Structure formats: structure tokens, C-alpha cells
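User: Please take me through some of the labels used for this model. I want each label set against its cut-off.

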Amino acid sequence: MRGCRIGAVALACALAALSPANLAAQDGERVQVLIVIAHPDDEAMFAATVYKITHFLDGDVDLALITDGSGGYRYSQLAEPIYGLELTDEEVAREYLPAIRRRELLAGDSIIGIRDHFFLDQYDHAYTTNVDTVLSHVWDAEDTRARLAEIMTRGDYDFVFVHLPVPNFHAHHKAATILALQAAGTLPSSVKPIVLGSFVGVKDGPDQFGAAEFLELEGYPITRVKADIEPFIFDLDEPLNADGRLNYKIVVNWLIAEHKSQGTMQLLMNQWDIDRFWFFDANDPAGLEPTRALFERLKVPAVAPAAESGGTL
């Protein structure tokens, strides 16, 4: 496992140290992953899976952030005394929030083990569900697509994680996914990564945003998922210590807590039990085997079960 820096990431290292064995010792190549997201804090949807990849599979995960994050000011009032700025004022937020949210992103990502970041600085204009507006009038889609293709080529990634582009979701998230799929589609097979669309969920209860019924985003056939393949699952309730009292939800909560300028993000702590990943039809079908192999490795417990003892704390 990599050496640990002081600060928040030292806590993560301490937690990882509870494991009696590093899962990287399993048979399997070192996995390389790129995350493509629209806003700082969107990586929360992959945080648990990423943590296990970086801390127990000895994998490398990088992150490409498309927007500048300047639009996330509507619920920033609790962070105003922390940063000494009126962040709910749009003019103030547009000037200062990009740098603030970038610092929050880096702090959170140090916990889950992100190796490198790529900032594309497209305009975070407003909440909308209209992806056509974003791609045609807000972002420079051609430049963003080209930059993502360049990042993917240089990184030689095995996988790209994106948000599943469910219809009633933020258009920036959907646009980021479309551009990532399009960028991957321009690459030769020798460097083309497997793109997986993720959406969190609960084991019991209603499915958020109808992700379970998703087939494709209307008007964008490149977003179609492979209908005969169930989503791949990572269970956040997997124990991270021998007596089972620590699990991956703690890691997700740590990351969410770093995004203090985003008040409503804090309401998402402990709100999901599983990370789900859908296989896009645009992938080479041969990518199913390494995808299954990755999630089989992720299922292997990171800790041994607890031995019988005289008591617990």
C-alpha cells in the first residue's frame, strides 16, 4: 500500500491498516480507473468502490472534473462563516466558489485515494434537466470531448466510471456521461476503456430516480446499457474491521463532510447501501469478462472475520 500523508488521509490509512491482508495479493492485474464527473462532490457516488480499489486492490484512480463548480451556491449558507464569504450571493460565489470547491474536492479525494485530477473548467451555469442545452449552448462540447479522449489515451485506463444518465437527473451529470462515452468511442481498441454508468441504491426500498428501469437516455443511443446484464454491485455494508462495526459508509461520510460549501450534500450521509454499475452497449462485449473479474475481486472481504473474544467495547 502506498505511503500515507498526514492529515485526513492518515485516518484513511489507519482504517486500511486494520486489514490483515492486502487484496492486491490476489491474482489480477493492477486496475486503472478514470472518473468523469460534472461537479466537485459528484465523486461521492463512487467513493466506497474507489476506496476499496485504491486501498485494497492497489489500483490507481484519477478524476476528470468538467465544470468549475461555481453554480453550487444556493445552499452554501452554513459554510459562509467557515470561509468568511457570502457564498449564497451569486456574484461572490462565481468569483470564489470554484477555488473553494476545488480545495474541498482535493481534501475529500485524498481520503478515498484519488491519484491525479484533471480540471476542464466548463461553466457550471444552473440546475437543469435539459442535456441538449448544456451540450449545445453552455459547454464547449467539442473541446471537452477532445480533452477527455486525450486524458483517456494518456492514462491507458481499464475503466471509466460515470453517472448513469437517468432522465430526471441533473443535465450536467448526463452531459458529462455522454461526452465520456463519445470520447471513449473515438479511441482505438488498444486504449479504449470500459465505461460503466453508476448510480447508488438501497437494498430495501424504492429505487432512486428510476435507475433500475434505465435502458437509455432518449435521443442519445450511445447511453444504452446492456439490457441482459444486471448491474454490478459493491456493498457498502462490507465490514472494514474484524468485529464488523466499521464499513464503507464511514468513508463516504468522510468524503461528503469535506464538501462543506454544499449544504444539501450533508443530507446524503448514510442514504445508500450499494454502489451499482451498468455496462454500456457502446463497450466492446469482450469487456464483460474483465468487468466481472473486477467486481469478483471487490467482493473479497478486506478483513478476516472476528475470532471469539471475551467481550466488546
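Analyst: Helix H7 covers residues 171-185, 15 residues in all, and reaches 21 Å from first to last C-alpha, close to the 21 Å expected at 1.5 Å a residue. The expected span is 1.5 Å times one less than the number of residues. This is a predicted model: local features need pLDDT of at least 70, side-chain atom pairs count only at pLDDT 80 or more, and totals for chains, interfaces and linings use all residues. Residues are numbered from 1 along each chain as its sequence is written, and side-chain values use heavy atoms, with hydrogens and water left out.

User: What makes H7 mostly covered?

Analyst: Of its 15 residues, 13 are buried. Buried means under 20% relative accessible area (exposed is over 50%, partly exposed in between; 1.4 Å probe, protein chains only).

User: Why is the pair of tyrosine 51 and tyrosine 248 called edge-to-face?

Analyst: Rings of Phe, Tyr and Trp (its six-membered ring) pair if their centres lie within 6.5 Å; planes under 30 degrees apart are stacked, over 60 edge-to-face, the rest tilted. Here the centres are 6.1 Å apart and the planes 80° apart, so the pair is edge-to-face. Tyrosine 51 lies in helix H2 and tyrosine 248 in helix H8, so the pair ties together parts 197 residues apart in sequence. Both tyrosine 51 and tyrosine 248 are buried.

Notes
Helices (H or I, at least four residues) and strands (E, at least two) are DSSP runs, numbered from the N terminus.
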